[in-house]
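Hi there,

Here is the structure I promised to pass on. Could you have it open while you read my notes?

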Amino acid sequence: MIVKARRIALAFVLVLLVLSFAAELMAQTPHVDVITIKGTINPVLVDYVKRGIEQAEDNGAQALIIQIDTPGGLDGAMRDIIQYIDSAHVPIVVYVSPSGARAASAGLYILQAAHVAVMAPSTATGAATPIAMGEGGEAEISDELKAKMLNDAIAYITGHAETRGRNVEWVERAVREGISANEREALDLNVIDMVAPDLETLVNMLDGREVTLLNNQKVTLHTQGIAISDVPMKAIEKFLYTLADPNIAYILLSVAMLGITAEIFNPGLIFPGIIGGICLLMAFYSLGMLPVNYAGVLFIVLAFGLFIGEVLTTSFGLFTAGGVVSLVIGSLLLFQGAPALFRVSPWLIVVVTVSISGALAFIISRAIKIHRKQAATGSEELSGKTAQVKVALNPSGTVFYKGELWSAVSENGEVGVGKEVIIDRIEGLTLYVKKK
């Protein structure tokens with residue numbers, strides 16, 4: 001056993017040495033790193049981009065290519081990503097890819113912040129007008145605030161476009177008027193620097209290109225034929241990114257509500273309560289990264305309270321009906337005022353509402369049935385049952401019921417031995433009966 005343990009330890013050390021050597025070799029071998037953004041821009045992507053830039057700086061990559069396909073996203077997350085690009089000590093190439101991809105809204109801002117902006121064939125960019133999100137939405141903000149938001153966005157994007165030597169007038173129109181362009185139009189208008197059909201071609205096209213980094217540091221790229229190293233999302237990053245989806249957040253909130261309600265209806269089941277609690281925590285995390293309308297949240301909380309009220313008061317469905325109405329209203333308001341990419345699918349709202357209503361209807365119907373069912377134990381269980389007279393009732397005597405003899409009193413005259421009587425009630429240990 002000792003020899004075997006030593007061999008395992010030695011093998012483990014050798015694996016660590018090989019991995020260390022491979023990492024060192026990678027740092028010394030000319031290469032470019034690639035990270036991939038696909039979907040909405042949110043705080044999870046900020047950490048991913050930061051890690052990608054730091055890794056490219058640490059391992060001596062010639063450049064970091066951010067392959068992007070996004071309809072837009074949150075302004076705060078976008079600005080954080082751009083700050084990391086601005087302060088990077090390695091050239092950052094933003095590549096709108098593959099064919100059919102887009103860098104819309106927040107994607108255009110990130111594209112303009114890149115040291116080198118590239119698009120693949122059949123891609124698009126633009127439509128960068130800022131939209132107010134969260135409580136109130138676009139409709140409830142004043143014209144003055146809208147103007148401030150617009151001017152701030154224009155100043156931000158044109159500043160980066162001017163720094164990178166690109167078309168300031170066009171990007172301003174993309175913000176002010178919401179215009180877009182395909183890759184050829186963008187290249188002709190000097191919105192981007194080049195068009196490349198794939199990563200390998202792009203890497204070779206970058207060879208010899210000079211870029212200016214922070215503090216006017218000029219770097220010439222040497223990328224001809226060098227290796228391409230993919231830097232994928234970690235499993236936890238993929239998981240958290242999946243949570244930051246409005247439909248997922250809504251499902252988690254609904255499952256949490258149903259699970260906790262089921263646990264309260266049936267104390268001791270444990271499993272529904274555990275699942276509900278976990279989903280509730282994940283829903284809080286998800287909603288924390290999304291532009292939530294708090295009126296919608298309050299309606300959903302009210303729905304949950306009404307469902308709980310059904311358990312505590314047994315209103316025979318009245319609280320549940322109110323809860324379902326509140327749930328529907330809250331679902332519709334939850335992301336009210338946000339762009340389409342941050343809204344819950346109407347079909348999902350229908351499916352969730354019908355599912356929760358059906359589940360609660362089943363639970364409540366069972367509760368009502370149990371409530372109305374005659375008691376199976378105790379004195380109440382005897383009422384209405386049939387007993388046999390063993391000692392004549394005149395009016396007192398003895399009756400036989402389920403293997404036991406009971407003192408009994410007839411409430412409607414004498415009853416002879418062997419006759420059957422109906423138990424009316426019990427007082428102490430005496431049964432009061434009536435002729436059958």
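This is a predicted model: local features need pLDDT of at least 70, side-chain atom pairs count only at pLDDT 80 or more; totals for chains, interfaces and linings use all residues.

Residues are numbered from 1 along each chain as its sequence is written, and side-chain values use heavy atoms, with hydrogens and water left out.

Let me start with the backbone. Most peptide bonds are trans, and most residues other than glycine have a negative phi. The bond from S97 to P98 is cis, with omega near 0°, and P98 lies in the loop between β3 (92-96) and β4 (102-104). The bond from N394 to P395 is also cis, with omega near -10°; P395 belongs to the loop between β12 (386-391) and β13 (396-401). Helices (H or I, at least four residues) and strands (E, at least two) are DSSP runs, numbered from the N terminus.

As for phi, S122 has a positive value of about 60° without being a glycine, and its place is the loop between β5 (116-119) and β6 (124-126). N215, not a glycine either, has a positive phi of about 60° and is in the loop between β9 (210-212) and β10 (218-220). S122 is exposed at 53% relative accessible area, and N215 is exposed at 69% (buried is under 20%, exposed over 50%, partly exposed in between, with a 1.4 Å probe and protein chains only).

Next, the salt bridges (a side-chain nitrogen of Lys or Arg within 4 Å of a carboxyl oxygen of Asp or Glu): the count comes to 13. One of them joins R164 and D86 at 3.7 Å, N to O. This pair links distant parts of the chain, 78 residues apart: R164 is in the loop between α5 (143-163) and α6 (168-176), and D86 is in helix α3 (residues 75-86). R164 is buried at 19%, whereas D86 is partly exposed at 26%.

Another bridge pairs D424 with R425 at 3.3 Å, N to O, and a network of salt bridges links E411, D424, R425 and E427. R425 is partly exposed at 33%. What does the charged end of R425 sit over? The answer is the ring of Y432, 4.3 Å from its centre (NZ of Lys or CZ of Arg within 6 Å of the ring centre and within 35 degrees of the ring normal). Likewise, the charged end of K390 sits over the ring of F400, 5.5 Å from its centre.

Happy browsing!
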